Amino acid sequence: MKRWQIIFLLFLIVGTFFILSNNTPYQKDEGRIFGTSYRITYKSKKNLKQEIESTLDKVNNSLSPFNPASIISKINNNEEATPDSMFLYVLQMAQEVSAATEGAFDITVAPLVNAWGFGFKQGITPDSATIDSLKQFIGYKSIAIKEGKIEKQHPQTMLNCSAIAKGYGCDAVAQLFDCKGITDYMIEIGGEISLRGKNDKNTRWVIGINKPVEESAMTNELQAILQLTDCCMATSGNYRNFRYIDGVKRSHTIDPHTGYPVTHSLLSATVVAKECAYADALATAFMVMGQERAMQFCEQHPEIECYLIYADPDGKLKTSETAGFKKLLKK
């Protein structure tokens, strides 16, 4: 075969591969998991909804405190339970985030969250004595992994991975896609997102951040629009999940140190990172820490970007973001 024929053949092979890859459709699946909704878009000739839901069911069976048969439920009830790899991975990450944020993120805060009526058990408004009695069972250092088992210093200590499990669910599905060679996808579970490659318009994924007002749940009014790829994003906010207790609006974010819902001006925290579970946990930690401490944390951890929305003394919405985050905003 002559040289020009070989070159032509190579061009033909590359061209055919390019045409076939561009003709691969984008699949779109949605459903319910972890008490919320999921929406997943991915470039694949084959629909993978069954495998996606099988993966999410494994996460649910490991980390959901609302599932009485899950590993976390058995541990909370002091029943015999052998943690699987998912549980051990998430617990280790949770412990690392707790240490890095000086306990602002703490999965042992479950008894307090339940007492305030925001958890997996219904509570009544706790008084100061109740809060003080529960605080003795709170603290990420009071649990440990020993010989593959979870050891609790106090039997009353309970775990709640709700502030990290959705993010981990995104990571688990992303890992499924990566193993199958899928390079373009958007995974969204309850507002937490994992992104790779490009969308069906061959551009970066366009993602919105809701304005932190109660009406945004119905109007979908956006505070900012981003163009993202090859990263994960999680947002935590107090503007949708709250209760009025004795005429006072109480947020669902409980400060593990005080035992009370946070009362500062930070309304929403969005974190961009490489892993969605990490971003999910940090977004919750930032809601506990408040604007100033959250920004200081970001300065010390350049591997993450964040976008904070807070209210000024007059009640007007203001924003604060890292330098890297500004580059992600859609122009």
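Guide: Let's start with A165, which touches F34, V59, L63 and D280, leaving out residues up to four places away in sequence. Bear in mind that this is a predicted model, where local features need pLDDT of at least 70, side-chain atom pairs count only at pLDDT 80 or more, and totals for chains, interfaces and linings use all residues. Residues are numbered from 1 along each chain as its sequence is written, and side-chain values use heavy atoms, with hydrogens and water left out.

Visitor: What makes something a contact?

Guide: Contact means heavy atoms within 4.5 Å. L63 has its own list: apart from neighbours within four places in sequence, L63 is in contact with I72, F87, V90, C161, A165 and Y168.

Visitor: Why is A165 called buried?

Guide: Buried means under 20% relative accessible area, exposed means over 50%, and partly exposed is in between (1.4 Å probe, protein chains only). A165 has a relative accessible area of 10%, so A165 is buried. L63 comes in at 2%, so L63 counts as buried too.

Visitor: Which helices hold A165 and L63?

Guide: A165 lies in helix α7, residues 162-179, and L63 is found in helix α2. Helices (H or I, at least four residues) and strands (E, at least two) are DSSP runs, numbered from the N terminus.

Visitor: How do α2 and α7 pack?

Guide: Their axes are 10 Å apart and the angle is about 145°. The axes here are lines fitted to C-alpha atoms, for helices over the stretch in contact, and angles run from 0 to 180 degrees between N-to-C directions. On the α2 side E51, I52, T55, L56, V59 and L63 take part, meeting A165, Y168, G169, A172, V173, L176 and F177 of α7. As for L63 and Y168, they are 105 residues apart along the chain, with C-alpha atoms separated by 9.7 Å.

Visitor: How do you know what span to expect for α4?

Guide: The expected span is 1.5 Å times one less than the number of residues. Helix α4 (residues 85-100) has 16 residues and reaches 23 Å from its first C-alpha to its last, close to the 22 Å expected. Its buried residues include M86, F87 and V90, and what covers the buried residues of α4 includes α2, α3, β3, β4, α7 and α9.

Visitor: How many disulfides are there?

Guide: A search of the whole structure finds 0. A disulfide is a pair of cysteine sulfur atoms within 2.5 Å. The sulfur of C170 is 4.1 Å from the closest cysteine sulfur, in C276, so that pair is too far apart for a bond. C232 is in no disulfide either, its nearest cysteine sulfur being that of C276, 5.0 Å away. C170 has a relative accessible area of 0% and is therefore buried; C232, at 1%, is therefore buried as well.

Visitor: Why call β5 mostly covered?

Guide: In β5 (residues 185-189), 5 of its 5 residues are buried. In a regular strand the side chains alternate between the two faces of the sheet. Y185, I187 and I189 are on one side of β5 and M186 and E188 on the other, and both faces are covered.
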